[in-house]
Amino acid sequence: MWSVNPTALSGLAPCIDREMTHVKLPDPERLAARILRRERAAVADGLNLLDNKLAEARDRAVRLLACLSGERWLKDGHLVGVTGPPGAGKSSLVSAMIREWRHAGRMVGVLAVDPSSRPELGGGALLGDRIRIKNSSYDDGLFIRSLANRNQLGGVATEVWPMSCLMLACFDIVVIETVGVGQTEIDIADIGDTVCYVAQPASGDTIQYLKSGIIEIPDIFAVNKCDLGPPARKTASEIGRSAPRQDRREDWDYPVCLVSATMNTGIKEFHDHFDRHRKFLADTGLLGKLRTRHQSAWVIRLLKEEFGTIGLELAGGRASIEARLGEDPSDQFGEYERLRKHLLSRFLSVNQPTNPTKEEHPDEQAIV
Amino acid sequence: MVVARKDRDPPWLMRTYSGHSSAKASNALYRTNLAKGQTGLSVAFDLPTQTGYDADSPLARGEVGKVGVPISHIEDMDQLFDQIPLDKMNTSMTINATAAWLLSLYIGLAQRRGIDPTKLSGTTQNDIVKEYLSRGTYIYPPGPSMRLIADTINYTVKHVPKWNPTNVCSYHLQEAGATPVQELAYALCTAMAVLDRVKASGEIPPAEFPQVVERISFFVNAGIRFVEECCKLRAFGEMWDALTLTRYQVEDPKLRRFRYGVQVNSLGLTEPQPENNVQRIVLEMLAVVLSKRARARAIQLPAWNEAMGLPRPWDQQWALRMQQVMAFETDLLEYADILDGSPVIAAKVSELIEGARKEIENVEAQGGIIAAIESGYIKRELVASHMNRLRAIESGDLKIIGVNCFQETAESPLTAGGGDAIMKSDETAERMQIERLQAHRKTRNDAEVRAALQGLTDAAKSGENIMPSSIRCALAGVSTGEWGDSLRAVFGEFRPPTGIDITIDSREVLGKKDQVTDLRERVASTGNALGRPLKLLVGKPGLDGHSNGAEQVAVKARDVGFEVVYDGIRLTPQQIAQAAQEEGVHVVGLSILSGSHMELVESVLQELRSRDLTGLPVVAGGIIPQEDADRLVGLGVRAVYTPKDFNLNAIMGDIVDVVRESNGLERLGALH
């Protein structure tokens with residue numbers, strides 16, 4: 001049987017909510033210009049557009065990202081991924097980092113991902129990271145968007161990818177904060193240029209993951225709550241011992257930092273490692289390659305999540321998709337949408353053989 | 001004719017919780033209340049005073065003089081107690097994070113009037129622990145907060161021996177949803193944490209420690225289930241007696257007595273048919289007077305119309321008369337304990353004690369109350385209990401007359417006057433207080449102020465008792481905001497766990513199953529029509545920290561499928577509008593219980609307009625009189641929910657409709 005995520009085809013089922021709405025969708029080209037001017041309202045509108053699953057919105061999202069892309073996607077900004085087990089203190093550590101970045105005058109965008117409840121329980125979510133990340137004062141140089149993971153595989157919302165691309169166009173630093181480690185297609189390493197894993201003192205999880213190779217090795221380790229003393233130091237030294245693996249990048253030292261977000265200790269040194277890693281990637285020419293690779297991973301993950309392994313085969317198979325994506329690294333989102341529409345049409349013709357009126361479905365109209 | 005016996009027990013202290021607008025207006029009210037036979041004072045402070053801000057701070061906007069009296073400096077304190085002899089009065093102050101400061105102002109004023117502080121009697125609530133769980137007027141992190149409590153205890157035991165420096169509160173735990181067992185357990189855990197802290201400070205020689213134990217008093221809630229409540233108080237007495245003996249070796253039984261004051265339950269007071277609140281209040285009072293062994297030392301009763309807004313002097317008088325009838329007309333005070341020997345009562349008391357012991361062990365195993373608060377455990381437990389209560393009301397399992405049953409009513413002559421049935425706070429109070437404060441700043445000796453504040457900072461850093469330097473600040477004319485800021489600079493500020501990260505266990509607990517299913521479909525289909533899941537921002541503007549309502553709305557919205565952004569308490573309108581924009585929400589819900597809804601909602605709407613979010617619908621909830629609700633709707637608020645809207649499912653259905661309407665979709669109407 002076909003293994004298809006039902007949400008992928010919700011737009012095709014007869015029960016589709018065909019209510020007439022007056023969702024005002026922005027003009028993507030004009031919006032892009034405003035985003036590049038760093039207008040907050042435009043950034044918010046752009047993120048809303050990228051979140052919108054209406055067919056018309058998807059088309060505009062492709063146009064928006066096309067306007068924002070280009071050379072800058074491969075060399076500008078700094079995409080930082082922060083992950084780790086629940087309760088490790090990721091948010092307060094991110095908050096402390098933001099203080100440092102803002103102090104240096106850098107604009108910071110944050111995408112904070114929280115889990116959703118199961119679909120049969122309503123699929124709602126409580127997004128509580130804002131309260132933990134924000135300092136009490138008003139700050140125009142900080143933009144936080146909370147996201148629910150919407151039960152997607154791997155625990156990272158698929159919206160993170162296009163949204164982080166948009167944010168890179170207007171913020172110096174983009175932080176993606178997620179719970180836990182990815183278990184499936186997307187590894188935490190695919191989230192950002194620099195990935196930081198926040199470990200809980202006296203917890204063996206991290207080391208188990210590292211040893212078994214479940215996670216790709218993060219670029220920077222932080223052992224939070226170092227005010228606890230010996231347990232934190234023990235965890236740090238264990239991580240240090242587990243870290244040497246074959247997939248290490250040469251010339252990068254994979255630092256393990258002892259920090260305390262609440263006591264504000266070790267933050268400056270920790271912060272400096274991020275800049276150092278960003279410089280390392282730029283100097284070695286890795287940055288562009290890394291981002292291209294990450295984007296391909298996202299495309300394949302999204303396609304697989306919606307259409308399954310058979311979907312990937314229908315699209316020509318993983319290797320051919322990767323090759324196709326590699327041709328124009330600045331338009332991978334557009335390429336993704338084209339692949340998606342192609343697959344949708346294939347699925348439509350298989351699933352609704354008695355009523356193959358492609359034209360009726362709005363998603364089909366713009367197919368290339 | 002039967003005449004009351006002469007040798008009856010003396011009655012408890014009778015108070016009314018009051019204070020509003022200004023020190024002058026509150027002083028006039030106090031003197032009227034005392035003339036009517038009230039025997040003590042209970043001061044309500046406004047939120048800026050409670051959270052250590054000056055009246056002219058941006059965060060104080062709209063809050064000055066609203067839920068209580070603004071006290072910015074010693075001259076305000078002087079005016080508040082004008083013509084009231086401090087050495088003869090028993091004054092209770094509902095003050096927590098800034099308790100050390102208000103007590104310093106009180107002691108400073110006594111010194112200035114030539115009164116010996118050893119003659120002062122009264123109470124500072126000063127239980128900052130429960131602020132993290134319920135009331136929300138904390139400022140500093142738990143460590144420094146515990147230290148402030150310990151400092152006031154250490155100081156008063158030596159210098160103001162008749163003062164009750166802390167009132168461990170189970171009251172607010174019940175408001176936050178606590179069951180009687182949870183109330184017992186968490187209040188006793190708090191008392192232990194406080195005593196342990198004082199003991200560890202080493203300021204009191206071991207031989208004098210029983211005197212410290214004796215000064216610990218409690219502030220308790222009494223709900224409508226008065227038999228169980230009465231048993232709860234007997235349980236409190238027995239447990240405290242045992243605990244102080246075994247844990248702190250207090251040999252003298254007199255020093256082990258469980259001393260408590262009461263405000264009966266305000267949570268259960270209803271807006272529909274508000275006259276029924278009178279019998280509720282009287283029955284709740286029974287719980288705390290019936291049993292002589294477990295009788296309250298001081299009682300304050302809410303007014304019948306508290307769910308509607310600020311009570312008038314006549315409403316407060318009615319509340320006082322209830323106490324006087326109970327004390328002086330009935331024969332209750334002529335008997336020994338009338339419940340002793342009842343096997344039913346004894347069994348219930350044992351059951352409560354057993355449950356509370358287990359929960360205390362549980363908390364102690366987690367490292368004590370502070371650790372259990374920091375981990376979010378206690379807040380989660382309370383939010384869950386509260387949710388169960390609300391679901392029972394929705395399902396009708398918990399009956400509330402006039403609310404979820406017997407709703408039919410003739411028109412009440414008491415509320416026929418509409419907006420006249422409550423008091424309006426003085427609109428000019430804020431401006432007057434700011435002017436008074438700014439004038440005061442000009443008359444002070446700046447060098448003295450600076451030196452006093454430096455002394456305060458030094459004490460905060462070095463760990464020496466905070467009280468002497470605070471009293472010096474009081475006498476130098478330092479303001480409430482200056483005192484608060486100096487300590488903020490040393491101690492930092494705290495944002496606690498919200499407790500809303502509780503998991504959904506199963507469908508059965510979600511109120512009426514069919515309504516929830518219906519709601520989930522509505523939320524999902526509306527989200528599909530709009531292209532993305534419905535997103536709601538729950539915001540609490542202003543200084544009001546009563547977050548229980550906002551948390552319940554957030555949890556319910558999540559349960560029916562909303563993606564909910566909850567940003568916690570004490571936000572400026574600017575921060576809320578910024579969050580609404582950044583998060584791309586479909587609707588903003590504001591919760592305000594301090595009475596500042598007009599100013600705060602208007603500011604939020606303004607901030608939204610300035611961000612080009614004019615079309616973003618805003619709904620508001622809180623203790624909002626009908627007249628104000630109409631005005632808010634006039635300003636553009638799409639719906640106003642007040643205590644009479646007890647059904648959270650109905651509120652959710654309406655919020656979905658508000659979102660639909662704002663996006664050109666048809667309303668779906670009432671739930672099936």
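Which hand does the crossing of α7(B) and α9(B) have? The crossing of these two helices is right-handed. A crossing counts as right-handed if the near helix is turned clockwise from the far one by less than a right angle, and as left-handed if anticlockwise.

The structure is a predicted model, in which local features need pLDDT of at least 70 and side-chain atom pairs count only at pLDDT 80 or more, while totals for chains, interfaces and linings use all residues. Residues are numbered from 1 along each chain as its sequence is written, chains are lettered from A and ligands numbered from 1 in the order in which they are written, and side-chain values use heavy atoms, with hydrogens and water left out. Helices (H or I, at least four residues) and strands (E, at least two) are DSSP runs, numbered from the N terminus.

Helix packing in chain B is considered next. Two packed helices are described by the angle between their axes and the distance between the axes. Axes are lines fitted to C-alpha atoms, for helices over the stretch in contact, and angles run from 0 to 180 degrees between N-to-C directions. Helix α7 (residues 180–201) of chain B packs against helix α9 (residues 226–248) of chain B at about 30°, and their axes lie 10 Å apart. The angle makes α7(B) roughly parallel to α9(B). Angles under 35 degrees count as roughly parallel, over 145 as roughly antiparallel, 65 to 115 as roughly perpendicular and the rest as oblique. On the α7(B) side, the contact is made by B:Pro180, B:Glu183, B:Leu184, B:Ala187, B:Leu188, B:Ala191, B:Met192, B:Leu195, B:Asp196 and B:Lys199. From α9(B) come B:Glu228, B:Glu229, B:Lys232, B:Ala235, B:Phe236, B:Met239, B:Trp240, B:Leu243, B:Arg247 and B:Tyr248. Contact means heavy atoms within 4.5 Å. By class, the contact of α7(B) with α9(B) holds 13 nonpolar, no polar and seven charged residues. Ala, Val, Leu, Ile, Met, Phe, Trp, Tyr, Cys and Pro count as nonpolar, Asp, Glu, Lys and Arg as charged, and the others, Gly among them, as polar.

A second pair involves helix α10 (residues 276–289) of chain B and helix α11 (residues 313–329) of chain B. Their axes come within 11 Å and cross at roughly 45°. That angle makes α10(B) oblique to α11(B). The crossing is right-handed. In α10(B), B:Val278, B:Ile281, B:Val282, B:Met285, B:Leu286 and B:Val289 take part. They meet B:Trp318, B:Met322, B:Gln323 and B:Met326 in α11(B). The residues of this contact divide into nine nonpolar, one polar and no charged.

Chain B also contains an open sheet of five strands, in the order β2-β3-β4-β5-β6, with parallel pairing. Its edge strands, β2 (17–18) and β6 (163–164) of chain B, each pair on one side only. Two strands pair if DSSP finds at least two bridges between them. Strand β4 (residues 90–94) of chain B pairs in the parallel sense with strand β5 (residues 121–124) of chain B over four bridges. B:Asn90 has B:Ser121 in β5(B) as its bridge partner. Helix α4 (residues 99–112) of chain B packs on the sheet and touches β4, β5 and β6 of chain B. The direction of α4 makes about 150° with that of β4(B).

Chain A comprises 14 helices and eight strands. Of its 368 residues, 55% count as buried. Buried means under 20% relative accessible area, exposed over 50%, partly exposed in between (1.4 Å probe, protein chains only). Among contacts in chain A between residues at least 6 apart in sequence, 75% join residues at least 24 apart.

Strand β7 (residues 220–223) of chain A has A:Ile220 and A:Ala222 pointing one way and A:Phe221 and A:Val223 the other way, and all are buried. Strand β6 (residues 194–199) of chain A pairs with β7(A) in the parallel sense over four bridges. A:Ala199 stands opposite A:Val223. β7(A) also pairs in the parallel sense with strand β8 (residues 256–258) of chain A, over three bridges. Here A:Phe221 stands opposite A:Val256.

Two residues other than glycine have positive phi values. A:Arg38, with phi near 65°, is found in the loop between α1 (28–36) and α2 (40–51) of chain A. A:Arg38 is partly exposed, at 37% relative accessible area. B:Gln273, with phi of about 45°, is in the loop between β9 (260–264) and α10 of chain B. B:Gln273 is buried, at 13%.
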